[in-house]
Amino acid sequence: MYNQNNPNNPPKHNSYSYYPPQQHSVSPPPLQHPIPTHPPIQMVDPPVSSPSPTTQQRITHQHQNIPPPPPHQQGPNEYNDAWRFNDATTQMGMQFGRTAMMTGSEYVEKNINRYVNFPALKHYFKVNNLYVANKIRLLLFPWRHRPWSRLVKRSEQNGQMEGFKPPRDDINSPDLYIPAMALVTYVLLTGFVAGTEHKFHPKVLGGNATTASLVMLIELILIKMGCYLLNITTETQILDLLAYSGYKFIGVIVTLLVGLIAPFWLVSVIFIYTVAANGFFLLRSLRYVVFPDSTNTVNSPQRKKRIHFLFIVATLQLVLMYLLV
């Protein structure tokens, strides 16, 4: 028998609950990790720069709850700080624009100048207000005007002839400003007249502009053909004849304006008067075209033919202006 009180018997342990004999345990010494030793790091403060006047002004306004001044009241430095652009991008854009302008100018000089002489065209637009007023008065009342000869432009060095003076310096010089403005006014006025008669349509403006252009072209062709048949050698440019052909629109515009407020018989009188005034103006102005050199002797039959040609051009204004009115 197993006796627990018998000292010779060893103690019996339960296989399911084994408890080791309790002994006095000594706690191990605490672990001591080595403390890393690094060289001391010196924190360097960033350089403190004084704020710009704009920043300082904004800070002051923020602390005082005062809104900053608008851009148009700021100084140049404040405005540049507020609207800062990238210098490289700006320079690139300016360089691109400069290159594009130079390329366009070269294209115009190489291609368009072949057909249109822009320096010569500018000569016909050198006008001022005084010239325009006096020229319109001359076109409507040419009866007592003297003289009709054009003023010559001479060189300051040798005194040789360099052409004629511009219109602003010579009332007898033809220009293209008045014909161009008169043509535009005529087209708009015909549209207004059609509107008063309840006949307006956008096609009216285009049709009248086409008719006016064809009338000027037909007259220009007839004058050049007459000069060729009469063997008239002149250095008159096409632009001079185009200017003289465009002056008839002044009389046409006056007739249309009178037709808005006056009876038919008065309109007919005004129309006949403007036709006569324009014809007389062309008789006197085209004289230097038909007789370019006064010293050149022209035989009597040839001279009569040229004078008859001038009267034909003057009479032709009745038909052309009637088509426009």
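In this predicted model, the largest cavity is lined by L139, L140, Y247, K248, I250, G251, T274, A277, N278 and M321, and the space within the largest cavity comes to about 60 Å³. Helix 5, helix 9 (248-261) and helix 10 each contribute at least two residues to this lining, and by class the lining of the largest cavity comprises six nonpolar, three polar and one charged residues.

Two of the helices that supply this lining also pack against each other: helix 5 (residues 129-140) and helix 10 (residues 264-285) meet at an angle of about 110°, with 7 Å between their axes. Since angles of 65 to 115 degrees count as roughly perpendicular, helix 5 is therefore roughly perpendicular to helix 10. On the side of helix 5 the contact is made by K135, L138, L139 and L140, which meet Y273, A277 and F281 of helix 10; sorted by class, the residues of this contact are six nonpolar, no polar and one charged.

The structure holds two cavities of 30 Å³ or more, and the second largest cavity, with a volume of about 50 Å³, is lined by K135, W148, R150, N172, Y244, F281, S285 and Y288. Its lining divides into four nonpolar, two polar and two charged residues.

Conventions
Residues are numbered from 1 along each chain as its sequence is written. This is a predicted model: local features need pLDDT of at least 70, side-chain atom pairs count only at pLDDT 80 or more; totals for chains, interfaces and linings use all residues. Side-chain values use heavy atoms; hydrogens and water are left out. Axes are lines fitted to C-alpha atoms, for helices over the stretch in contact, and angles run from 0 to 180 degrees between N-to-C directions. Helices (H or I, at least four residues) and strands (E, at least two) are DSSP runs, numbered from the N terminus. Angles under 35 degrees count as roughly parallel, over 145 as roughly antiparallel, 65 to 115 as roughly perpendicular and the rest as oblique. Contact means heavy atoms within 4.5 Å. Ala, Val, Leu, Ile, Met, Phe, Trp, Tyr, Cys and Pro count as nonpolar, Asp, Glu, Lys and Arg as charged, and the others, Gly among them, as polar. On a 1 Å grid over the protein atoms alone, a cavity is a set of points where a 1.4 Å probe fits but cannot get out, and a pocket is an open set with protein on both sides within 12 Å along at least five of seven lines; lining residues have an atom within 4 Å of a point. Grid points are joined across faces, edges and corners, and a volume is the space filled by probe spheres set on the points.
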